[in-house]
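Welcome, and thanks for taking a look at this one.

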Amino acid sequence: MAHLIVTLPGDGIGPEIMPPTLELLRRLGDFEFEEHLFGGASIDAHGTALTDETLAACRRSDAVLLAAVGGPKWDTTDPHKPRPEQGLLGLRRGLGLYANLRPVKPLPALYDASPLRRERIEGTDLLVVRELTGGIYFGEKTRTETSASDLCSYTSEEIERIARTAFEAARSKVSSVDKANVLETSRLWRQVVSELHAREFPQIELEHVLVDNAAMQLVASPRHFDTILTENMFGDILSDEAAMITGSIGMLPSASLGSDGPGMFEPVHGSAPDIAGQGVANPLAMFLSAAMLLRHGLSLASEATAVESAVERALDAGLRTPDLGGGDGTERAAKAVLENL
Ligand code: NAD
Ligand code: IPM
Ligand code: MN
């Protein structure tokens, strides 16, 4: 039977990078695609970023492929108005996707496309393991005329399961990133990670790094890192920073996984409203997210490798979208990858 993939193009450049990704997937197997409105597009049609129907469709699927949501049309400081991003958070929570994997491995063809010097980034191969359904993103929010608050809370169970993901993914070292010199949640984080390490993963090296120092180390010596384990918001910020090691935020894919049920696969970047509608968005992070869907979502490892190799060969042959310093548009980029598949 065909694998059922729910596709959520979303907003901005989302609807530009989704169609070539589906074309790529069609070349690789028998997939059934079921598209749903999501984010701002769903707010416009239904008044909410994530309808019950869309959530139910995602639950029924074998995997979810998301492009991006958000944009100035729905930006508001009014807490009572719906926001596209609520759809994304609702889906992550609704599907129990607590583990977000963001691999950062610059391709040799792009060593000189990064704003960081080649000798700094050469050989970097790290994984950001970001906790995705807890922390300050999901705590209670308050707002009055003159004050506001966002609660950051974690349980030891939430910390232990994401830490286990990181230890299992690590080759030799886990760098657990926190702010234990200030935050109580970070002190619990550090304790739970250390205990799990001693109990189940003594063969893996563990270091604790404060998040401000980690942000610096990431650009000063990215090869230092194997697996970065961190909480929701730190992981959000550090992964955008880490994206520049690969040349562009337009290169970084991600997988969001739970303990059972379908995973969700999406590029790390957003809807890029500043370039939407121009046909110049880099589709490679989206293609590489489709590769993660094949590998982690459908256990189609060789098909995943085929996509990754095609991306690499297209870049070797000179493909460069504007974010990488070139002049190729989305369509040209998609064609170049398909030719190398
Ligand atoms: P962004 O990632 O959308 O864009 C940041 C910068 O990177 C922009 O200059 C943009 O043009 C560029 N960029 C991003 N993706 C690119 C691509 N594929 N090719 C070429 N250039 C690319 O971040 P932002 O501008 O801060 O956010 C815009 C909107 O996207 C916001 O509403 C935000 O909430 C949302 N967002 C959504 C997701 C998601 O859906 N997963 C992720 C991040 C941000
Ligand atoms: C990401 C995005 C989201 C996040 C936003 C759009 C809610 O920035 O996936 O990195 O902060 O998790
Ligand atoms: Mn982000």
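Let's begin with Trp-189, which is buried because its relative accessible area is 2%; buried means under 20%, exposed over 50% and partly exposed in between, with a 1.4 Å probe and protein chains only. This is a predicted model, in which local features need pLDDT of at least 70, side-chain atom pairs count only at pLDDT 80 or more, and totals for chains, interfaces and linings use all residues. Residues are numbered from 1 along each chain as its sequence is written, chains are lettered from A and ligands numbered from 1 in the order in which they are written, and side-chain values use heavy atoms, with hydrogens and water left out.

**Aromatic pairs**

- Three aromatic pairs turn up in a search of the whole structure; rings of Phe, Tyr and Trp (its six-membered ring) pair if their centres lie within 6.5 Å, and planes under 30 degrees apart count as stacked, over 60 as edge-to-face and the rest as tilted.
- Trp-189 pairs with Tyr-154: the ring centres are 5.6 Å apart and the planes stand at 70°, so the pair is edge-to-face.
- This pair links distant parts of the chain, 35 residues apart, with Tyr-154 in the loop between β7 (148-150) and α6 (156-169) and Trp-189 in helix α7 (residues 184-200). Helices (H or I, at least four residues) and strands (E, at least two) are DSSP runs, numbered from the N terminus.
- Tyr-154 also counts as buried, because its relative accessible area is 8%.
- Phe-31 and Phe-33 make a tilted pair, 6.3 Å centre to centre with 35° between the planes. Phe-31 is buried at 11% relative accessibility.

**Around ligand 1**

- Ligand 1 has 21 residues around it, and those that come nearest are Glu-85, Glu-266, Gly-270, Ala-272 and Asp-274; a residue is near if one of its heavy atoms lies within 4 Å.
- A polar contact here is a pair of N or O atoms within 3.5 Å.
- The side chain of His-269 has an N or O atom 3.3 Å from a nitrogen atom of ligand 1.
- On its own, ligand 1 has 810 Å² of accessible area, and the protein covers 70% of this.

**Around ligand 2**

- Glu-85, Leu-88, Arg-92, Arg-102, Arg-130, Tyr-137 and Asp-236 surround ligand 2.
- Oxygen atoms of ligand 2 lie 2.6 Å from a side-chain N or O atom of Tyr-137, 2.9 Å from a polar side-chain atom of Asp-236 and 3.0 Å from one of Arg-102.
- The protein covers 79% of the 320 Å² of accessible area that ligand 2 has on its own.
- Helix α4 (residues 84-94) gives the largest share of this shell, three residues.

**Single residues**

- Ser-289 sits in helix α10 (residues 284-297) and is buried at 0% relative accessibility.
- Ala-272, in the loop between β12 (263-267) and α10, has a positive phi near 40°.
- Ser-299 has a positive phi near 55° and lies in the loop between α10 and α11 (301-316). Ser-299 is exposed, with a relative accessible area of 62%.

How values were computed: Polar contact = N/O pair within 3.5 Å; in protein donor to acceptor, adjacent residues only side chain to side chain. Areas by Shrake-Rupley, 256 points an atom, 1.4 Å probe, with all protein chains shown as cover.
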